[in-house]
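Open the model in your viewer and keep the selection panel to hand. The stops below say what to pick and what to look for.

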Amino acid sequence: MVVLVREDGRAGGSVPTYSLDQLPCLTARVRAAGITALKVFATDRRDATGTRAASNNSVMSRAIRVIKSTSPDMEVMTETCLCAYVSTGECHLVGRTGLPDQAATIAALEHQAVRQAKAGADVIGPAAMIPGSVAACRSALDAAGFDQVRVMPHLIVNSRLYSRYRAAMGIRPQQARRPFQLPMTGPTATAVERGLMMVAEGADSLLIEPALFSTDILNGLYAKADVPLLPFSVSGECAALPPALLAEEYCMLLRAGASRVVSHASLTLVDTLRDARPTVPTSRKPSQ
């Protein structure tokens, strides 16, 4: 299940957000429903270099510790990105020329990944889509003694479905262009190749988003990548689809090769699937 965490816990409209003091109750509720993992996104104070991303006192670090103290066996997956920490709202740092500073961004992601691991994260999720960032995070974790922490990068197709999430978290990118994300009009083969590059860099699994418009990529990677594939049913699709259709989407994603599905609507899915009692297909690969 996806959980969005803010310092103030401000309501996010159709995309709920939670404050730190609400997390123990939510974690217990999720655990009681049989959900075993939380994918955590957090927003924080912003500056030019995203210094809060690697802070021991960041909202993300504190959220991880709260969840683990409430339910030690709950798997905590994080987003490892700068968009919620930099004043530009971009996933990357900007150099003096106004272009993305890839080296500085990768260095910042390394520090952020290690900080999240120190807080107790089980899986960190590089989401900037910068080539080399997955390998860098893997190396930084290993060097810091966190070789058991897994890396699940985001394979992102640019979509309007992310607008609700950005509104809920107060993320307003200054540039309309997303330089590293995959274009919606791009070929499936290119997206599959990017995913395989991430696996070659050391990815333990892949998060593919948005699930609704990426089934071709999921299925293409299923034929070639020997790692768990987790499609991400993002905020826009969870808000647009009624529970019954979300349940059908969930079954379709499993048929297409998903090992697990990450969703904002996991609690709703649990209730819907329990009430409908459908025959839920099992992925042909073992879940992890």
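Start with Lys39. Its side chain reaches the backbone oxygen of T78 at 2.7 Å. Bear in mind throughout that this is a predicted model.

Stay on K39 and colour by secondary structure. K39 sits in strand β3, residues 37-42. Is there a salt bridge here, or none? There is none, although K39 is buried. The nearest side chain of opposite charge belongs to E209, 7.0 Å away. Now show the surroundings of K39. Leaving out residues up to four places away in sequence, its contacts include M1, V2, V3, M77 and T78. Also among them are E79, G125, M152, H154, L207 and V262.

Next, go to E209 itself. A cis peptide bond joins E209 to P210, with omega about -5°. P210 lies in the loop between β8 (206-209) and α7 (215-222).

For another backbone stop, select M129. Its phi is near 65°, a positive value in a residue other than glycine. Most residues other than glycine have a negative phi, and most peptide bonds are trans. M129 is in the loop between β5 (123-124) and α4 (133-143). Buried or exposed? M129 counts as buried, because its relative accessibility is 2%.

Return to strand β3 and pick F41. The structure holds two aromatic pairs. F41 and Y165 make an edge-to-face pair, 5.4 Å centre to centre with 65° between the planes. This pair links distant parts of the chain: F41 is in strand β3, Y165 in helix α5 (residues 163-169), 124 residues apart. Both F41 and Y165 are buried.

F232 lies in strand β9 (residues 229-233) and F41 in strand β3, so the pair ties together parts 191 residues apart in sequence. Check the burial too. F41 counts as buried because its relative accessibility is 5%. F232 is at 4%, so F232 also counts as buried. With the three residues displayed, you see a cluster: ring pairs link F41, Y165 and F232.

Now turn to R62, in helix α2 (residues 59-70). R62 counts as buried because its relative accessibility, 19%, is under the 20% cut-off. Which side chain does R62 meet in a polar contact of 2.7 Å? That of E7. Beyond its neighbours within four places in sequence, R62 is in contact with E7, L20, R52 and N57. For a distance check, draw a line to A42: R62 and A42 are 9.9 Å apart, C-alpha to C-alpha, and 20 residues apart in sequence.

Finish with the nonpolar cores. The largest has 93 residues. Select V5, L23, V40 and L221, the residues with the most contacts inside this core. Helix α3 (residues 102-119) gives the most to this core, with seven residues. Zoom in on L23. Not counting residues up to four places away in sequence, L23 touches V3, V5, Y18, A63, V66 and I67. Then move to a second, separate core of six residues. Pick A247, A265, L269 and L273, which are among its members.

Key:
Residues are numbered from 1 along each chain as its sequence is written. This is a predicted model: local features need pLDDT of at least 70, side-chain atom pairs count only at pLDDT 80 or more; totals for chains, interfaces and linings use all residues. Side-chain values use heavy atoms; hydrogens and water are left out. A nonpolar core is a set of buried Ala, Val, Leu, Ile, Met, Phe, Trp, Tyr and Cys residues joined through side-chain atoms within 4.5 Å. Buried means under 20% relative accessible area, exposed over 50%, partly exposed in between (1.4 Å probe, protein chains only). Helices (H or I, at least four residues) and strands (E, at least two) are DSSP runs, numbered from the N terminus. Contact means heavy atoms within 4.5 Å. A polar contact is a pair of N or O atoms within 3.5 Å; within protein, one must be able to donate a hydrogen and the other to accept it, and residues adjacent in sequence count only if both atoms are side-chain atoms. Lys and Arg count as positive and Asp and Glu as negative; His and the chain ends are not counted. A salt bridge is a side-chain nitrogen of Lys or Arg within 4 Å of a carboxyl oxygen of Asp or Glu. Rings of Phe, Tyr and Trp (its six-membered ring) pair if their centres lie within 6.5 Å; planes under 30 degrees apart count as stacked, over 60 as edge-to-face and the rest as tilted.
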